[in-house]
Structures are given as C-alpha cells and as structure tokens.
Amino acid sequence: MRVAVTTREWPPEVYGGAGVHVTELVRALRRLIDVDVYCMGAPRPDATAFPLVGPDTMNTALKVVGADVLMAGAIEASDAVLVHSHTWYANLAGKMAAATKGIPHVMSAHSLEPHRPWKAEQLGGGYAVSSWAERTSYRSADAVIAVSHGMRADVLEAYPFIHPERVHVVHNGVDTTVWKPSPDDEALRRLGVDPARPYVLFVGRITRQKGLVHLLAAAHHFPHGVQVVLAASSPDEPGIGSEVEHGVAALAEQRPGDVVWLNTSVPKADLIVLQTHATVFMCPSIYEPLGIVNLEAMACGTAVVASAVGGIPEVVVDGVTGTLVEWTPSDPVDFQRRFAAAVTALVEDPSRADTMGSRGRDRAVAEFGWDAIAQRTIDVYRSALA
C-alpha cells in the first residue's frame with residue numbers, strides 16, 4: 001500500500017499540534033507501509049514541497065490553494081492508492097488528487113474552521129476561502145479521522161451531511177521514548193528559570209485558541225513567589241501579539257522576578273526539561289480537539305491543569321492526572337478565577353502534584369503510543385479502500 005500524505009507542516013517547519021501529529025504518524029506508518037509526503041514551503045530531503053507563490057499583496061489563502069493544485073498534480077502522477085490530508089491547508093489537495101486519480105480520500109480532523117471564527121483576524125477574507133476548502137473537502141471524503149470523540153461530535157455537528165459511519169476516532173499520540181522525565185536542570189538556568197523555586201508552565205502558539213490571555217489574567221492570583229514560565233511565540237496576527245505583550249508586561253510588573261517569557265521557538269530538548277521540572281503544566285485553551293501538548297507534559301511526569309474543552313477530558317483524567325476546569329465563554333473572568341484556584345491548589349500541595357504527574361506518565365505510555373495509532377490509521381485506510 002502506498003499512501004500520499006498532504007500537509008502544510010513538515011520538519012523542520014513544524015509550528016503546531018497538527019504538524020507534530022503528521023510527523024510522528026508518518027514515522028510510525030513508514031514502518032508498516034509506503035508513505036509519500038507532500039508539504040508546503042522550502043525543499044525537504046524526505047518530502048515533496050511546494051512553495052506558496054504569489055505577490056505580497058495576495059491573500060495567503062489563495063497562495064495555499066495554488067500549492068494545493070500543484071500537490072494534486074504531483075499525486076496524480078504517483079503510484080499512490082489513497083491520499084490522506086491534514087488541515088484545511090492541504091484538504092483541497094487531497095480532494096482534487098482523489099478526484100483526478102480516482103482514489104479514496106481520507107481526512108484527519110485536527111480542527112474545524114466553523115469553530116475558529118478568530119481565524120478571520122489572521123486570514124482576513126481568506127477565512128472564507130479556508131472555510132470553503134474545508135467544507136468542500138469534507139463533503140466528498142471517503143473517511144474522516146477525528147483525533148478525539150469530542151472532535152467527532154464537532155465534525156458531525158459542523159457538517160451534518162457526513163454519514164456518522166464515515167467518521168472514525170483515532171487519538172493523537174506521544175513518543176514516550178522521547179518525551180520522558182529529564183533529571184538535567186541546567187537548561188532551566190540557561191533559559192532564565194530558577195530551579196530552586198517552583199514554577200508553572202505554559203507552552204503554545206500565541207493564538208486565541210490557546211487561551212493565553214485568560215492565563216495571564218489568572219496568573220495575577222497565583223501564590224507569591226511561584227514563577228510563571230511562558231514558552232509562547234509565533235502570534236497568529238499583530239492584534240493578539242500586542243494583547244499578549246501587554247498582558248505579560250502587566251503580570252511582570254505585579255510579580256517582579258517571577259515571570260519568564262520565552263518568546264522564540266524553544267528546542268525540543270529544552271521543552272522536555274521545562275516540562276519535567278514544572279510543578280504544574282497549564283493548558284487554558286478555549287478550543288482544543290485533543291491537545292498533544294498535554295500528552296507531552298504527562299509523558300514528562302507533570303501534573304496538568306487544563307480547560308475541559310474538546311478532547312482534553314479524553315487525555316487528562318480529572319483528579320487523577322490533573323485538574324479540569326470548565327470553560328465558561330459567557331463569564332471568562334469566572335473561568336480565570338477557577339483556573340487560578342486549580343493551579344494554586346496543586347502548587348500548594350506538591351506531593352499531590354507529583355502523584356498526578358506519575359499517573360500521567362503511566363497513562364501516556366499505556367494509552368497513546370504511536371505504533372498502535374498507526375495501525376488503527378491503516379485500518380481506516382483499508383475500510384476506505386474496500
């Protein structure tokens with residue numbers, strides 16, 4: 001079986017959870033079947049890449065559609081028997097390749113444009129294009145892989161024309177041989193974190209989805225002396241970037257010496273150290289189909305405080321591997337207070353946090369290995385080919 005995988009992100013240009021998912025899934029799939037990757041951006045040694053071409057004044061979404069057309073043409077000339085697309089950026093390539101070549105199209109649902117209206121800030125009029133590309137692709141897909149049961153429900157709600165039997169659940173995973181506790185704390189000092197004092201950690205892109213502005217508000221109520229470490233970079237658009245910058249500055253003024261903002265990309269080895277030594281990992285997302293970052297924290301043996309949205313409750317077991325906080329869009333201030341209380345409770349009870357972290361590591365190893373996920377994905381391929 002030879003499968004064509006279409007994606008925007010591919011190493012070294014990986015900036016989000018979907019890119020991590022594709023990278024790890026393909027690595028596991030290639031141990032079982034033949035996989036060709038078609039991505040966007042600069043040339044790669046292990047994938048066929050297509051640049052986003054067009055004048056600076058052209059909307060990025062239109063450049064993406066142009067790259068999709070070129071991807072589809074390349075797949076049409078290949079020996080692929082099935083195409084598997086990831087995110088709206090590459091869904092259209094999968095749809096067109098499947099149509100012209102007469103092969104099945106499988107889509108992975110990492111997020112849904114109807115549930116991310118804030119993307120209009122980033123894409124402008126391109127949000128209408130991305131929404132059209134996603135909807136059109138879902139309409140004809142032979143199978144859809146949702147990364148959580150919560151995501152499956154979202155897919156069927158957003159696109160009721162999809163027959164439920166076509167939507168399969170295959171969770172995201174984590175490589176627990178890579179993401180594992182690291183005893184080395186030298187990286188903490190290099191990054192400006194005091195290893196002698198407890199700290200709480202956020203890791204994620206600066207986007208509305210990740211709820212960072214709510215975390216910054218909540219952090220004003222954290223216990224005195226606890227460091228707040230933010231590995232947050234790559235704002236979606238200038239507005240959210242400016243909002244976070246002002247929020248960090250206000251927090252640093254209120255908590256002098258307690259705020260560490262790592263606003264550039266942090267190498268994986270350093271992230272593993274940060275995850276390992278944090279007392280609490282924080283995920284205040286307002287929308288999250290699954291949340292690989294929570295799996296990475298759990299694999300490193302760290303307790304998680306997260307919002308109870310999307311697929312997060314399928315990863316973080318409330319009261320066992322961390323604490324879940326209900327997201328209340330009608331009252332974000334109340335959410336911020338309850339999130340702060342949940343973080344504070346674990347910071348003030350480090351032995352309980354340690355126990356949760358140990359249980360989280362056990363759960364990550366037992367339930368979210370990539371080899372099993374790759375096999376379940378191949379089962380979906382076979383059902384689409386049948």
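A disulfide is taken here as a pair of cysteine sulfur atoms within 2.5 Å, and by this rule the count comes to zero disulfides. In general terms, a disulfide is a covalent bond between the sulfur atoms of two cysteines. The structure is a predicted model, in which local features need pLDDT of at least 70 and side-chain atom pairs count only at pLDDT 80 or more, whereas totals for chains, interfaces and linings use all residues. Residues are numbered from 1 along each chain as its sequence is written, and side-chain values use heavy atoms, with hydrogens and water left out.

Cys 300 is in no disulfide, since the nearest cysteine sulfur, that of Cys 283, is 15 Å away. Cys 300 is buried, with a relative accessible area of 1%, where buried means under 20% relative accessible area, exposed means over 50%, and partly exposed lies in between (1.4 Å probe, protein chains only). Cys 39 is likewise buried, at a relative accessible area of 0%. Gln 275 belongs to helix 10 (residues 268-277), helices (H or I, at least four residues) and strands (E, at least two) being DSSP runs numbered from the N terminus. The relative accessible area of Gln 275 is 1%, and the residue is therefore buried.

Helix 2 (residues 60-76) has 17 residues and reaches 25 Å from its first C-alpha to its last, close to the 24 Å expected at 1.5 Å a residue; the expected span is 1.5 Å times one less than the number of residues. The buried residues of helix 2 include Ala 61, Val 64, Val 65, Met 71 and Ile 75, and what covers the buried residues of this helix includes strand 1 (2-6), strand 4 (82-86) and helix 5 (126-140). At the start of helix 2, a side-chain oxygen of Asn 59 comes to within 2.8 Å of the backbone nitrogen of Ala 61.

The structure holds five aromatic pairs, for which rings of Phe, Tyr and Trp (its six-membered ring) must have their centres within 6.5 Å, planes under 30 degrees apart counting as stacked, over 60 as edge-to-face and the rest as tilted. Trp 327 and Phe 335 form an edge-to-face pair, at 5.0 Å centre to centre and with 90° between the planes. The rings of Phe 335 and Phe 339 have their centres 5.6 Å apart and their planes at 50°, so this pair is tilted. Phe 335 and Phe 339 are separated by about one helical turn because they are four residues apart in helix 12 (residues 332-347). Both Phe 335 and Phe 339 are buried, and Trp 327, at 17% relative accessibility, counts as buried. Elsewhere, ring pairs link Tyr 138, Tyr 159 and Phe 161 into a cluster.

Some backbone features complete the description. A cis peptide bond, with omega of about 5°, joins Pro 11 and Pro 12, and Pro 12 is placed in the loop between strand 1 and helix 1 (17-29). Although Thr 87 is not a glycine, it has a positive phi of about 70°; Thr 87 is found in helix 3 and is buried, with a relative accessible area of 18%. Ser 234, also not a glycine, has a positive phi of about 55°, and its place is in the loop between strand 9 (227-233) and helix 9 (238-254), where Ser 234 is partly exposed, with a relative accessible area of 45%.

How values were computed: Contact means heavy atoms within 4.5 Å. A polar contact is a pair of N or O atoms within 3.5 Å; within protein, one must be able to donate a hydrogen and the other to accept it, and residues adjacent in sequence count only if both atoms are side-chain atoms.
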